[in-house]
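This report looks at side-chain contacts in one protein model. Have the sequence and the structure open as you read.

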Amino acid sequence: MKKFSFFLSFCSIVSLIACKEQALQVSKIEGKEININDSISSNKDLDEFIAPYAEHIEEEMSATLAYAPKSLSKTDSKYNTAIGNMEADAVLEMLQPLFVTRMQDSINGVLLNYGGIRSTINQGNITTKTGYNIMPFENEAVVVKLSAEAMQELFDYLAEHQAAHPISGMQLILNPDGSINKANIQNKNLENGKFYYIATNDYLKNGGDHMDFFAKNDTVITMNYKLRNLFIDYFKKKDTIAPVRDERFIKLEE
């Protein structure tokens, strides 16, 4: 009896090994295109199921958070814009207390990207939807620790591209020929051997828009704060959103 049991066990093991050796292969892949357009009739049951959720989302997205006395667009000027200044200042204001608590140190400046501003802020009520419109991406706020040499590359990048990338805590003044006349952070010149904490987003930190100087960081601190949520919280905190152009990034005239 024991020999018979052993024989059965042996046969089972051999069968399992044989099965494992027979690799499965795909013999054919089939598919068809289903064109989704307005010619497809709606499903009444599905529409009724979705309706209360859609109404709740629309109510939440349309909630008034603040007021804009005038429209704000990233095309308003060449070197710094009111909407860009608002975004950079909002990042500095909202992240600073979190950063101080976590790192016992301060953020020195902010650099975002011009292309990241995806919509205007229209005159009138600012809503949750406004936050989604200007920042539809899932970008996270991060803070990078840069040396004075990397900071000089940052200023050189801004001088070369001459676009209204939003900045805060820094000033850059260009000569009429595009060379740098003045560059400082927190109203001080760069100091060799010193490090600076610059807030930005994870896209730029990874070299987006060819901002390669961010890769030369000493440390990266992830803030676990989506920029879109940061702007929405900033709007909730303010009664009126009325930023202005200033002298933070300008080019002198001849």
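## Charges over rings

Which residue lies over the face of Y114? K74 does, at 4.6 Å from the ring centre. This is a predicted model. A second case involves K78, whose charged end sits over the ring of Y79. Here the distance to the ring centre is 5.4 Å.

## Salt bridges

Side chains of opposite charge can pair when their charged atoms come close. The count comes to eleven salt bridges. One of them joins D89 and R248, at 3.0 Å from N to O. D89 belongs to helix α3 (residues 82-103), while R248 sits in the loop between α7 (227-237) and β10 (249-251), so the bridge ties together parts 159 residues apart in sequence. D89 is partly exposed at 28% relative accessibility. R248 is buried: its value is 12%, and the cut-off for buried is under 20%.

Helix α3 also takes part through E93. E93 pairs with K237, with the closest N and O atoms 2.8 Å apart. K237 is in helix α7, and the two residues are 144 apart in the chain. K237 counts as exposed, at 51% relative accessibility. E93 is partly exposed, at 28%.

E153 and K216 form another bridge, with 2.9 Å between the closest N and O atoms. E153 lies in helix α5 (residues 148-161) and K216 in the loop between α6 (202-205) and β9 (217-226), so this pair ties together parts 63 residues apart in sequence. Both partners are partly exposed: E153 at 31%, K216 at 48%. Elsewhere, salt bridges link E138, E140, K226 and R228 in a network.

## Aromatic pairs

The structure holds six aromatic pairs. In one of them, the ring centres of Y79 and F249 are 5.4 Å apart and the planes stand at 70°, so the pair is edge-to-face. Y79 lies in the loop between β1 (64-68) and α3, and F249 in strand β10, so the contact ties together parts 170 residues apart in sequence. Y79 and F249 are both buried.

F99 and Y197 also pair edge-to-face, with 4.9 Å centre to centre and 65° between the planes. F99 is in helix α3 and Y197 in strand β8 (residues 195-201), so parts 98 residues apart in sequence are tied together. F99 is buried, as is Y197. Ring pairs also join Y157, F213 and F214 into a cluster.

Methods: Residues numbered from 1 in each chain as written. Predicted model: local features only at pLDDT ≥ 70, side-chain atom pairs only at ≥ 80, totals over all residues. Heavy atoms only, no water. Salt bridge = Lys/Arg side-chain N within 4 Å of Asp/Glu carboxyl O. Helix = DSSP H or I, 4+ residues; strand = E, 2+ residues; numbered from the N terminus. Buried < 20%, exposed > 50% of the residue type's maximum accessible area, 1.4 Å probe, protein only. Phe/Tyr/Trp six-rings, centres within 6.5 Å; stacked < 30°, edge-to-face > 60°. Lys NZ or Arg CZ within 6 Å of the ring centre and 35° of its normal.
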